[in-house]
Amino acid sequence: MPTLPKLPRPPQIGLLKGLGVTLKTMMSPSTTQQYPHVKPDLPPRTRGVIALMEENCTVCMLCGRECPDWCIYIDSHKEVVPPKEEGARARTRNVLDRFAIDFALCMYCGICVEVCPFDALFWSPEFEYSTYSIRELTHEKEQLRVWMDTVPPPPELDVGADLPKEIEDGLKAARQAAEKAAAAAAPSEAPAAAGKAGGDAPAAQAAEEDIHVEAQVDQEVFDQLVAEGKSERVARAKAKAAYVRKEKARIRAERAGGEG
Amino acid sequence: MEPGLLDFPSLGLSIAVKLLIMVGFFLTAPLVAGYMEHKVLAHQQDRLGPMEAGIGPIKHGVGQLVADGAKFIQKEDIVPTAADKWVFSLAPGVALVPALVVMLVLPLGPGLFGENLGAGVFFALAVSSVSVLGVLMAAWSSANKYSLMGGIRAAAQLIAYELPLVLGAAAVVLQAGTLSLVSIVEAQADFRIFGLLPMWFVLPHAIGFLLFFVASLAELNRPPFDMPIADSEIIFGHMTEYTGIKYAFFMLAEYAGMVVLSAIATVLFLGGWYVLPGVTVPELINWVVAFFGAGPFEFHPVVAGLLGVGVTMGKIFTLVFVMVWFRATFPRLREDQLQRMSWLILIPLGLLNIVVIAIAKVLA
């Protein structure tokens, strides 16, 4: 007996839902950027092109050796630097003659940037350097210098992160100098305590270093920095630092008052 | 039949004017439909679509299709070695001409039509079916298995969907009591639901309109009924081997077909040039003006006709928009699902619709 054809299921509400989705999408603005007219807003760590800070390069050749594609060409010669003092030995110094990166070979792995011990290589987000000739993709050091001007400042540190080492060192030195000056001024103000203080000074200094202040945002400083146009993150970090500094100074003053 | 606005005492002049208007309409309306497809489809897919090619200061890609046309003309015209060259070259024309000929009987405004044929509906539907002959010619002459399969699918689809199309239109003809497209528009102006509310045929003929619209999508090989040109299965069906201007002709035929079938649907179901059921644009303007206390204006027949053309165009392109909207939304049906849908749902529904309309007509 022949089977009757199975009736298809009737169209369901999903058809209308689908129409609703497409209509809603049509009404909402598209996120497309009109690229040649509107430049993309690339993050600072974009791997667009590699830039060279020639002054930092010591021709150590690490980048060229680590490059998996061997796309870095370095030529250099040695120069004799006359001795600084009478009777000392003359030194030699490497002078960079040629530094070129063949971006036709480069695979943008970034190992050269990572490996450079002297901060001579940087990533830049520039990417519009395509050419009609493959030879022009070999960028000589003059061109790499041009790219250096497009390297963005490094991204801001996270809140609560350690300060960069060089800034930390500088701050430490400045603090010590200030304390030395304060210690020099102190005896004239409090001659009675001079004898005792003379012996206790290093200990007091160590104790002061131990002052621990819970970091809080100094609203006044924060508002001022934001008004100056600093980003909120920077302002918050600086306001915290200002608060800590102020608190420490207050505690220090209190202790000094107590001792006095 | 009373003469339209384009019928002048001199026969030669009327023929020249009608041809000029027809060709002008034929060369612009499909381009508008094509541009609409580009932009609407793009925005529904969260894109922008063409943005560069502009006509003068008007940007947003309005000149894209003109530029495409110029490009197609420059392309090499390739005819496959094994192809049947004469048939291969004729096919795009055969696909294109029916859309052009149907425009002859389409009333765009009051008095603005090429010819008020007594058998207008019959003529329009009969001629628009000829385009599948072009598809079959292209499919067979290409000497390509994908083309042939596409052509056969198109033929099967035409046989399946010509019936619901005609059944949907037949119910309207039954209701209006005439085959003339102009008279059908006028009949809708006089029509009252339950003898009270003026309404176009789209409401009492909701099923018929649905049948007609779905069937015209299938007739045009528009998604979700585009199995004959299903790119994931048979490349591009009958258009696989076509290049350059011949391919452009096929595309033009598709867009012209969209416009023509939307125009027929507008005339049959949406009240043609009447801006509201039973109200023409001059009447509407006079109502609004009377509301503010000004006297009624006299409209020259040509002005009234052009206003009517604007209304008709608005309705046509609304339907074209819905066609594009469907394309962006619905996935393609399978070949057997397509046949099932026509023979098991649409055709019985169409017959039922005719019976109901006939009973209502006799009782009313």
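**Figure 1. The loop between α3 and β4 of chain A in the predicted model.** D119(A) is partly exposed, with a relative accessible area of 49%. This residue lies in the loop that runs between α3 (111–115) and β4 (121–124) of chain A. Although D119(A) is not a glycine, its phi is positive, near 50 degrees. The model shown here and in the remaining views is predicted.

**Figure 2. The loop between β1 and α2 of chain A.** V59(A) belongs to the loop between β1 (49–52) and α2 (62–66) of chain A. Its phi is positive, about 55 degrees, in a residue that is not a glycine. V59(A) has a relative accessibility of 8% and therefore counts as buried, the cut-off for this class being under 20%.

**Figure 3. Strand β1 of chain A and its partner β4.** Four bridges join β1(A) to β4(A), and the pairing is antiparallel. Within this pair, A51(A) has F122(A) of β4(A) as its bridge partner. Both faces of β1(A) are covered. V49(A) and A51(A) are buried on one side of the strand, while I50(A) and L52(A) are buried on the other.

Figure 4. The antiparallel contact of β3(A) (residues 91–102) with β5(A) consists of two bridges. I101(A) stands opposite H139(A) of β5(A).

**Figure 5. Packing of α1 of chain A against α12 of chain B.** Helix α1 (residues 13–27) of chain A packs on helix α12 (residues 301–329) of chain B at an angle of about 105 degrees. The axes of the two helices are 9 Å apart. Angles of 65 to 115 degrees count as roughly perpendicular, and α1(A) and α12(B) are therefore roughly perpendicular to each other. On the α1(A) side, the residues in contact are G18(A), L19(A), T22(A), L23(A) and M26(A). They meet F321(B), W325(B), F326(B), A328(B) and T329(B) of α12(B).

Figure 6. L65(B), D68(B) and F72(B) are buried in α2(B), which spans residues 64–74. Viewed down the axis of α2(B), the buried residues fall within an arc of 50 degrees, so they line one face of the helix. An α-helix has 3.6 residues a turn, so residues three or four places apart point the same way. The face turned away from the buried side of α2(B) carries the exposed residues V66(B), I73(B) and Q74(B). Among the elements that cover the buried residues of α2(B) are α1 (11–44) and α10 (244–269) of chain B.

**Figure 7. S14 in helix α1 of chain B.** S14(B) lies in helix α1 of chain B and is buried, with a relative accessible area of 3%. Apart from residues up to four places away in sequence, S14(B) touches L6(B), D7(B) and F8(B).

**Figure 8. Helix α5 of chain B and its surroundings.** Within α5(B) (residues 131–141), the buried residues are V132(B), G134(B), V135(B), M137(B), A138(B), A139(B) and S141(B). Their cover includes α3 (85–102), α6 (145–176) and α10 of chain B. A143(B), which follows α5(B), has a positive phi near 55 degrees.

**Figure 9. Nonpolar cores of the model.** The largest nonpolar core holds 102 residues, of which Y161(B), F212(B), I264(B) and L268(B) touch the most other members. α10(B) gives the most to this core, with 18 residues. A second, separate core of 28 residues includes A51(A), F99(A), C112(A) and V113(A). Leaving out residues up to four places away in sequence, the contacts of Y161(B) are V214(B), A215(B), A218(B), E219(B), F225(B), L338(B), M341(B), S342(B) and L346(B).

**Figure 10. A cis peptide bond in chain B.** The bond from P223(B) to P224(B) is cis, and its omega is near 5 degrees. P224(B) is found in the loop between α8 (206–219) and α9 (231–234) of chain B.

Notes
Residues numbered from 1 in each chain as written. Chains lettered and ligands numbered in written order. Predicted model: local features only at pLDDT ≥ 70, side-chain atom pairs only at ≥ 80, totals over all residues. Heavy atoms only, no water. Pairing = 2+ DSSP bridges. Buried < 20%, exposed > 50% of the residue type's maximum accessible area, 1.4 Å probe, protein only. Arc of directions from axis to C-beta. Contact = heavy atoms within 4.5 Å. Core = buried A, V, L, I, M, F, W, Y, C linked by side-chain atoms within 4.5 Å. Axes fitted to C-alpha atoms, helices over the stretch in contact; angles between N-to-C directions. Parallel < 35°, antiparallel > 145°, perpendicular 65-115°, else oblique.
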